[in-house]
Amino acid sequence: MKRLLFFVGVYDTLDLFTYELKREFEHLEYETMIFDVREMEESLKKLAQFIERPVEAVITFNNLGFNMELRPGKNIWEELHIPCINILMDHPFCYHTALASAPKNAVALCTDRNHMNYISRFYPNIPVAGYLPHAGKEIQGVKRPIKERNIDVLYAGGLSSSFAEKTIPDLSKYSDMDVKKVCEKTYQRLIENPHRTTEEVLEEVLLERGIQYEDAKLAEVIADLHFIDLYAVSYFREKTIRSLAESGIEIMLYGAGWENCSWIDRSNVHYGGRVSAEEIIEKMQDAKIVLSTMTWFKDGTHDRVFNGMLQGAAAVSDTSVYMKEEFCGFLSSDQTDERELVLFELPEISFLPAQVKALLEDEPLLQSIADKGYQKAKEKHTWRNRAKELKTDILDNQEIMNYLRQLPC
């Protein structure tokens, strides 16, 4: 029996993903172990026993355990010759230090195809990079029809501008440029061109000012200035929810940072603060519409969409290249409505309230979208799907696995 090691213990959302993936691999007849970083001593004892027999790979999210050392300067996965599969749920520029010092036998999987290309360009020390979309979790039980649900629109996600300022490093080291002007220009260009990536626009702005770095240095600069991305995400996220709130649509809102918005006290906005990832999924069972906005993922996914679909709600989301390819999200020209979700473009947020009101007033249509979305997500976007993809594309790929195991560490 093949064996896998998983890490948990920092973020409840990532732990939820991990336990879902662990369960699905057990269905595929893998033996698994959980390393809980909150219980280091006990987990290390369990690890010592677990590695007495061969371990196929470590699977972790957002670098947890990725750079683990038992001896100074010696990555444990290199020493044990166990490939480490790191699934990044955020942009790689959030984790520059961890990725720059990745184990030589690492795999980095991204939830946006642009991120995969970013890894390949800026972290050539990571031998394998790939794309793995988000997935959703279905809570078992009878799905209530749309007409019996009590929440018109549910949105769960934080307003990152509330902590973006805390991520700004000391920028005085950039004596070769007016870093404030670079940031302002990059932010403004992103707002005007929301289909573009932060790294693309930032590099463009630097080149316009005659500043050209080699990739290793550019990766550091992008990592330092990635707070621009947080502000751009927050701009459109707040604009999206505010447009619905000011139109009178009933919204159930969760996540950190919204309390400072001027419209948060409106009677049609019900703000619940931050709750656990598991609780959010449970609340989606009572939602007619689950609204999502991407975290500036221009060619990727978000688990909000799939979780909403799998709870029987109709999903409404801004677009990405992948989402347009994967889903029927726009009204077809032949007047038939085959939508599996409803997609909108960020520059067209002003039209969103009318779209949402029309959906809420047409329960048969909303039910049709919810049903089609559920079928699509159930077929292609569960953690069972992702486990099978990981097994086929990485774990059963002998060329990749043999290469990772034989790397000089």
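**Cavities, sheet and helix packing**

The second largest cavity has a volume of about 40 Å³. A cavity is a set of points, on a 1 Å grid over the protein atoms alone, where a 1.4 Å probe fits but cannot get out. Its volume is the space filled by probe spheres set on the points, which are joined across faces, edges and corners. The model is predicted: local features need pLDDT of at least 70, side-chain atom pairs count only at pLDDT 80 or more, and totals for chains, interfaces and linings use all residues. Residues are numbered from 1 along each chain as its sequence is written, and side-chain values use heavy atoms, without hydrogens and water.

Lining residues have an atom within 4 Å of a point. For the second largest cavity they are His91, Asp112, Asn114, His115, Thr197, Thr198, Glu199, Asp229, Trp296 and Lys298. Helix H5 (113-122) and helix H8 (198-208) are the elements that give two or more residues to this lining. Helices (H or I, at least four residues) and strands (E, at least two) are DSSP runs, numbered from the N terminus. By class, the lining has 1 nonpolar, 5 polar and 4 charged residues. Here Ala, Val, Leu, Ile, Met, Phe, Trp, Tyr, Cys and Pro count as nonpolar, Asp, Glu, Lys and Arg as charged, and the others, Gly among them, as polar.

The largest cavity holds about 60 Å³ of space. Its lining includes Trp296 and Lys298. Helix H10 (residues 227-246) gives the largest share, 4 residues. This lining has 6 nonpolar, 1 polar and 3 charged residues.

Six strands form an open sheet in the order S2-S1-S3-S6-S7-S8, with parallel pairing. Pairing requires at least two DSSP bridges between two strands. The edge strands, S2 (31-36) and S8 (128-131), each pair on one side only. The twist averages 20° from one strand to the next. Strand S1 (residues 3-8) pairs with S2 over 6 bridges, and Leu5 stands opposite Met33 in S2. H5 packs on the sheet and touches S6 (84-88), S7 (106-110) and S8. Contact means heavy atoms within 4.5 Å.

Helix H1 (residues 12-27) and helix H11 (residues 277-284) have axes that come within 8 Å and cross at roughly 75°. H1 is therefore roughly perpendicular to H11 (65 to 115 degrees). Axes are lines fitted to C-alpha atoms, for helices over the stretch in contact, and angles run from 0 to 180 degrees between N-to-C directions. Asp12, Thr13 and Leu16 in H1 meet Ala277, Glu278 and Ile281 in H11. These residues divide into 3 nonpolar, 1 polar and 2 charged.

Terms used: 1 Å grid on protein atoms, 1.4 Å probe; cavity = no way out; pocket = protein on both sides within 12 Å on 5 of 7 lines; lining within 4 Å. Parallel < 35°, antiparallel > 145°, perpendicular 65-115°, else oblique.
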